[in-house]
Amino acid sequence: MSLDAIIIGGNFAGLSAAMQLARARRRVLLVDAGAPRNRFSEASHGFLGQDGQTPAAIMQEGKRQLSLYPTITVRQGKVVRAQGDGDAFIVGTEDGGEERAARIVLATGVSDTLPEIPGLKERWGRSALHCPYCHGFEVSGGKLGVLANHPHSAHSAVMIPDWGATTFFTQGLFEPDEEQLVKLTGRGVRIERSPIVELLGDDPKLEAVRLADGRILPLDAVFVAPKTTMASPVAEQLGCAFDDGPFGPVIRTGDNQETTTKGVFAAGDAASAMHNATLASASGVLAGVHCHQSLVMQSVA
């Protein structure tokens, strides 16, 4: 067997896992499809030492640093299939290539599905945002909105006033219960029950929203949590179990980031309900470290 591990995905989680295995002098192939979830954002924020850098620049530098380690190979491509092969795994790529390794690290990420509202998709990652910790500071002091599209939206709206005057748009779908209403009122959140039907302004800038009743309300940014799906079918192909997260399925892992399929580890947004650059990188570190340890323990068993 030529490879100790194949890492599928080259964003923050995958690169962080690769670094741990590279420093352990393990033979690793990282396959990156080149379509990271954060490609729509102008900058990554809250990531210590990288605050304000573009996601592309962070990943480019990470790959440059990995290239200094002789046992790591980074390859552009898309993994389309994976299967167990005895005590190892076989991975196939879109171009017909095939590789075999003792371990797999899934850093495949998720795909976002946004509400079907004109103007929302064009502003995604710029003025239509998912995380106040990632982007709230940049829009602070403005008129902010929370678009309700899941049961936890009211909780998000309670958080947002720390960054600016907030309006909670129920969309006629998620009316706050009594307890939520007390919290929203206590935080000074305005409740708007007429749904947003269009985002207005020279995109990617947001200037206002049009409501179903015809009114136009000024707004500088809107927070919305998209529904998520696995960006790759590989976890399912490998027989990994999933949990129901608040926004979509999540690959089930233990504290060591190993999935329910022995020898397969997972990290990043695909394996966590909390989506954040630093958390993705940290989970990648854990996956890489425990992947290495599992290889060591197997060799002495």
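Two strands are taken as paired if DSSP finds at least two bridges between them. In this predicted model, strand β10, residues 165-169, is joined to β11 by three bridges. The two strands run parallel. Within this pairing, F168 stands opposite I191 of β11.

The β10-β11 pair belongs to an open sheet of five strands. The strand order is β8-β15-β9-β10-β11, and the pairing is parallel. Strands β8 (128-129) and β11 (190-192) form the edges of the sheet. Each edge strand pairs on one side only. In general, strands of a sheet pair through backbone hydrogen bonds, in either a parallel or an antiparallel manner.

The relative accessibility of Q171 is 12%. Buried means under 20%, so Q171 counts as buried.

R25 also has a positive phi, near 65 degrees, and is likewise a residue other than glycine. R25 is found in the loop between α1 (12-23) and β2 (28-32). The relative accessible area of R25 is 71%. Exposed means over 50%, so R25 is exposed.

A cis peptide bond is found from D203 to P204. The omega of this bond is near 15 degrees. P204 sits in the loop between β12 (196-200) and β13 (208-211).

Helix packing was examined for α1 and α2. Two packed helices are described by the angle between their axes and by the distance between the axes. Helix α1 packs with α2, residues 55-66, at an angle of about 15 degrees. The axes of α1 and α2 are 10 Å apart. Angles under 35 degrees count as roughly parallel, and α1 and α2 are therefore roughly parallel to each other. The crossing of α1 and α2 is left-handed. On the α1 side, the contact is made by F12, L15, A18, M19 and A22. On the α2 side, P55, I58, M59, K63, Q65 and L66 take part. The residues of this contact divide into nine nonpolar, one polar and one charged.

Conventions. Residues numbered from 1 in each chain as written. Predicted model: local features only at pLDDT ≥ 70, side-chain atom pairs only at ≥ 80, totals over all residues. Heavy atoms only, no water. Helix = DSSP H or I, 4+ residues; strand = E, 2+ residues; numbered from the N terminus. Buried < 20%, exposed > 50% of the residue type's maximum accessible area, 1.4 Å probe, protein only. Axes fitted to C-alpha atoms, helices over the stretch in contact; angles between N-to-C directions. Parallel < 35°, antiparallel > 145°, perpendicular 65-115°, else oblique. Left-handed = near helix turned anticlockwise from the far one by under 90°. Contact = heavy atoms within 4.5 Å. Nonpolar A, V, L, I, M, F, W, Y, C, P; charged D, E, K, R; others polar.
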